[in-house]
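Visitor: I am new to this structure and would like a short tour. Could you take my questions one by one?

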Amino acid sequence: MEALLVVSRLCHYLAAMILCGSLSTVGYLVAPLPPASQKRVYSRLLQVHRLAVVTALVSAILWLIAVAGGIGDGWNDALNPAFVGMVLADTAFGAIWRWRLLLYGLIAALMLMRPPAGVFLASLVTVGLVTIALTGHSAANAGMSGILQGSFDAIHLVTGAVWIGGLVPLILALGIPEGIRRTVNRFSMIASLAVFLVVASGTINAWFLIGSPRDLVTTTYGQLLSLKVILVALMVILAVLNRFWITPRYSRDPVRAARHLRITIGLELALALIVLVLVAVFGTMSPPEHGTGASS
């Protein structure tokens, strides 16, 4: 059951962040491109979005099943529609999950109707991503502490999505010679702000979750969190490399710069995937400040 929870969380995080990040940035990123090239990027991105929203919806259902099995008697209750319905109807997790399932069902319907990537759709997927914070460790805290932690958790999710998800339309646009340098510059500006907010909100979240710096090396949760910090630091290094070394070279050697950018983007995405695996595992553990046990 724990394995299902980790896998479903990983798939859901990845799909939700791609949807949020790419829809929030694509309009700004592709604006410098010729109209025909913009249309080509949007067409390719729509296929990515359709796959992502189906993944988000299916993984949300599997996440619910895993939580139901954890609350009840393993697979017997996880595969019992009546018990799963009870979890949806009578638990705090279920109250949030009902709306998430409806929301992603609506987003999937809009994707099938081939809508333009606009503010409304970007707002829907952002809300969908933010609601994950309502079911995490921050939801266990009451009062102002819980509100603050939940707020910073939401900021961490959204800015991380802008950073990671924004790479998707950028990759799709890299093969277009006209206007690509301005697109890369635009992404660099967005990513710089996103990276700063990811690091700042992640630091604050760690302060809420870790009882003392010693827990970073003496507890399993702290060790995984330390590994996540190292991986994010490597991603930051790649982002800085893109911003200050590769991007300025577009005017002199665009072909070589594009090749280098593809390599660094691939490395960033690989590191991001490992980070999301760790985040998915975090959801099955309680941080040192909260003692031992598991959470949804």
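Visitor: Are Trp63 and Trp97 buried or exposed?
Guide: This is a predicted model, where local features need pLDDT of at least 70, side-chain atom pairs count only at pLDDT 80 or more, and totals for chains, interfaces and linings use all residues. Residues are numbered from 1 along each chain as its sequence is written, and side-chain values use heavy atoms, with hydrogens and water left out. Relative accessible area decides the label: under 20% is buried, over 50% is exposed, and partly exposed is in between (1.4 Å probe, protein chains only). For Trp63 and for Trp97 the label is buried.

Visitor: How many aromatic pairs are there?
Guide: Rings of Phe, Tyr and Trp (its six-membered ring) pair if their centres lie within 6.5 Å; planes under 30 degrees apart count as stacked, over 60 as edge-to-face and the rest as tilted. By this rule the count of aromatic pairs is four.

Visitor: What is the angle between the planes of Tyr13 and Trp63?
Guide: Tyr13 and Trp63 are 6.1 Å apart, centre to centre, and their pair is tilted. This pair links distant parts of the chain, 50 residues apart: Tyr13 is in helix α1 and Trp63 in helix α2 (residues 35-71). Helices here are DSSP runs (H or I, at least four residues), numbered from the N terminus, just as strands are (E, at least two). Both residues, Tyr13 and Trp63, are buried, and the angle between their planes is 50°.

Visitor: And what kind of pair do Trp63 and Trp97 form?
Guide: The ring centres of Trp63 and Trp97 are 4.7 Å apart, with 65° between the planes. Trp63 lies in helix α2 and Trp97 in helix α5 (residues 92-112), so the pair ties together parts that are 34 residues apart in sequence. Ring pairs also link Tyr13, Trp63, Phe93 and Trp97 into a cluster. As for the pair of Trp63 and Trp97, its kind is edge-to-face.

Visitor: What is the relative accessible area of Cys20?
Guide: Cys20 is found in helix α1. Leaving aside neighbours within four places in sequence, Cys20 is in contact (heavy atoms within 4.5 Å) with Val125, Thr126, Leu129 and Ala161. Its C-alpha atom is 6.8 Å from that of Gly165, although Cys20 and Gly165 are 145 residues apart along the chain. Cys20 is buried, with a relative accessible area of 0%.

Visitor: Is Trp207 buried or exposed?
Guide: Trp207 belongs to helix α9. The C-alpha atoms of Trp207 and Gln149 are 9.6 Å apart in space, and the two residues are 58 apart in sequence. With a relative accessible area of 64%, Trp207 is exposed.

Visitor: Which residues does Ile155 contact, leaving aside its neighbours within four places in sequence?
Guide: Ile155 lies in helix α7 (residues 143-165). Ile155 is partly exposed, with a relative accessible area of 35%. Beyond those neighbours, the contacts of Ile155 are Gly160 and Ser201.

Visitor: What is the relative accessible area of Asn185?
Guide: Asn185 sits in helix α9 (residues 180-209). From Asn185 to Arg214, 29 residues apart along the chain, the C-alpha atoms are separated by 40 Å. Asn185 is partly exposed, and its relative accessible area is 28%.
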